Amino acid sequence: MLRFSTLHTFVFARFSFGASVLPLLFLTLALQSCMTASKAFEQGRYNQAIQLAAAKLHKRPGDVKHTQIMASAFRMANEADFSRIRTLELSDSPTAWENIHNIYRQLESRQAMVKRALDQGSRLLPSDQFTFRDYSADLADSKNRAVEDLYVAAQELLAKANRFDARTAYDKLQRVQGLKPGYKDSENLLRMAKTAGVTRVMVTLQPTEGLSVPVAFEEEVRRIDLSALNTQWVEFTQVEIMNVPNHYYMEVRFDQFVVSPEQIRERNYEEKARIQDGWEYKKNADGSIARDTSGNRIKVTVFREVKVRVRLYQQIKTASALGSIQMADGSSGQILAQRRFSGVAEFLNEWGTARGDSRALSKQSRRAINGRRLAFPADAALLQQAAPQFRAQMFSQLQALRSLAK
């Protein structure tokens, strides 16, 4: 039984939902507050009618009107459930007994709710208006039949040796475990279904013909964690397993390595700044010194503009690693998608000289003035710095292509 005061409802809405949700929340609460047990009964919402009637009887034990509503709703709901059970018993649906079992659980739950209401009424409710039943045998029988139906259906699906049917079998076997853990060899079949339902994506890394890949660079790229790409039914791997098919191939290629020439650029520019340069007495228009209301001479800050000429040198060298991914169907070899990516590293060093007032220097220029010329990194070392970005971009493209793996 749920009861919200107006204040508590407002606070809950204010702090748990966005403003756009509030109108819908208030509408829902208004509809709930307007709903009565009799209205719910008239609309055929028997379970809700029982809940609302039970809530009223909890406050006013022995209330005749709500006792009758609860009794009538209880009877009508049960009749509807038994009618549905009879229909399912005559059907050929493979899930008939699972549905029947769920209905019996609903019958038992509803009956328990009514019994609690009677207990709270402390003999003031006329229990002779209610007919109760022991559902233990019905629940046990329907569960056994449901488990067997699910088990047989899962076996048939696994026999088809199709990964999509295996996934359906896995779902059914999980329901078997939920109803009756350890039933026959269901645990073993569950493991088999899990393995059989997986889509394997084989990832290979190789250079374009004629391209020499630095060993350290390739080792860094191969550190990619393919398991982070896995989902429940899609598995990325770099390991071939005998007699286990690969449903898709993703071929990653090292296509090209480009290293720029070593460059030193020179730039000359001027910088200015307005700086504080002491103080002086403020003067009136006639040249006399200005004073405040207390007769004290007024001091003012003096500002002036300073300049500096900067000669900036930049050392620049870049390295790029270009790669591509080609995704193909494992059975037909059909190319499904292609992607390109890259990794880039840049060596940038600045140093310089300044002539003039250093107080005009910007932060960037000041750093350059304090810098010095460095040795350019070797090509292989700079390429190695591009490897982590190359690997990250490769992972991103593999992730984007994952949705094509069914």
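The model examined here is predicted. Several residues of H7 are buried, and they can be followed along the helix: Asp-138, Leu-139, Ser-142, Ala-146, Val-147, Leu-150, Tyr-151, Ala-153, Ala-154, Leu-157 and Leu-158. Just after H7 comes Ala-161, with a positive phi of about 55°.

The wider picture of the protein chain comes next. The chain has 406 residues, of which 35% count as buried, and its secondary structure comes to 12 helices and 6 strands. Among contacts between residues at least 6 apart in sequence, 73% join residues at least 24 apart.

How confident is the prediction, on average? The mean pLDDT of the protein chain is 88, and 89% of the residues score at least 70. Confidence is highest in helix H8 (residues 163–179), with a mean of 97, and lowest in helix H1 (residues 6–16), with a mean of 36. Across residues 1–33 the pLDDT is below 50, and this stretch has 11 contacts in the model beyond near neighbours in sequence. Where pLDDT is low, the predicted coordinates should not be read in detail.

Asp-63 sits in the loop between helix H4 (46–59) and helix H5 (64–89). Is Asp-63 buried or exposed? Its relative accessibility is 13%, so Asp-63 counts as buried, the cut-off being under 20%. Asp-63 is 10 residues from Ala-53 in sequence, and their C-alpha atoms are 9.4 Å apart in space.

Lys-184 belongs to the loop between H8 and helix H9 (186–196). Its phi is near 45°, a positive value in a residue other than glycine. Lys-184 counts as exposed because its relative accessibility is 52%, and the cut-off for exposed is over 50%.

Asn-243 is found in the loop between strand S2 (234–237) and strand S3 (248–259). Although not a glycine, Asn-243 has a positive phi of about 70°. With 76% relative accessibility, Asn-243 counts as exposed.

Key: Residues numbered from 1 in each chain as written. Predicted model: local features only at pLDDT ≥ 70, side-chain atom pairs only at ≥ 80, totals over all residues. Heavy atoms only, no water. Buried < 20%, exposed > 50% of the residue type's maximum accessible area, 1.4 Å probe, protein only. Helix = DSSP H or I, 4+ residues; strand = E, 2+ residues; numbered from the N terminus. pLDDT = per-residue confidence, 0-100. Contact = heavy atoms within 4.5 Å.
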